[in-house]
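Hi,

Here is the structure I promised to pass on. Have a look at it, and then read my notes below.

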Amino acid sequence: MKEMLEMLEEIMDLDEGTLESTTILEDLEEWDSLSALSLMAEAKKKYGKKLSVNDIDGFVTVQGIIDYLQK
């Protein structure tokens, strides 16, 4: 999980340790369309997961992303 949190922090250009699994994505100014596209690319590259726009829209918290990537 730590690796995934670090990946998300890097995508959103946040300091290490900023995100927690309970962080609500819409509360983050840094969670925008560019971050979503970067997540789609990284998920495919690192985890072999193809994220759709519907998948992205369904994520409420950081934990939702982690759960999806761990499937």
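Let's start inside. The largest nonpolar core has 22 residues, and the ones touching the most other members are Leu-8, Met-12, Leu-19, Trp-31, Leu-39, Phe-59 and Ile-65. By nonpolar core I mean a set of buried Ala, Val, Leu, Ile, Met, Phe, Trp, Tyr and Cys residues joined through side-chain atoms within 4.5 Å. Buried is under 20% relative accessible area, exposed is over 50%, and partly exposed is in between (1.4 Å probe, protein chains only). At least two residues of this core come from each of α1 (2-11), α2 (33-47) and α4 (62-70). Helices here are DSSP runs (H or I, at least four residues), numbered from the N terminus.

This is a predicted model: local features need pLDDT of at least 70, side-chain atom pairs count only at pLDDT 80 or more, and totals for chains, interfaces and linings use all residues. Residues are numbered from 1 along each chain as its sequence is written, and side-chain values use heavy atoms, leaving out hydrogens and water.

Now zoom in on α1. Its buried residues are Met-4, Leu-5, Met-7, Leu-8, Glu-9 and Ile-11, and what covers them includes α2 and α4.

Next, the salt bridges (a side-chain nitrogen of Lys or Arg within 4 Å of a carboxyl oxygen of Asp or Glu). The whole structure has two. In one, Glu-6 pairs with Lys-2, with the closest N and O atoms 3.3 Å apart. Both lie in α1, four residues apart. Glu-6 is partly exposed at 30%, while Lys-2 is exposed at 57%. In the other, Lys-46 pairs with Glu-42 at 3.6 Å.

Cheers

Definitions and conventions. Contact = heavy atoms within 4.5 Å.
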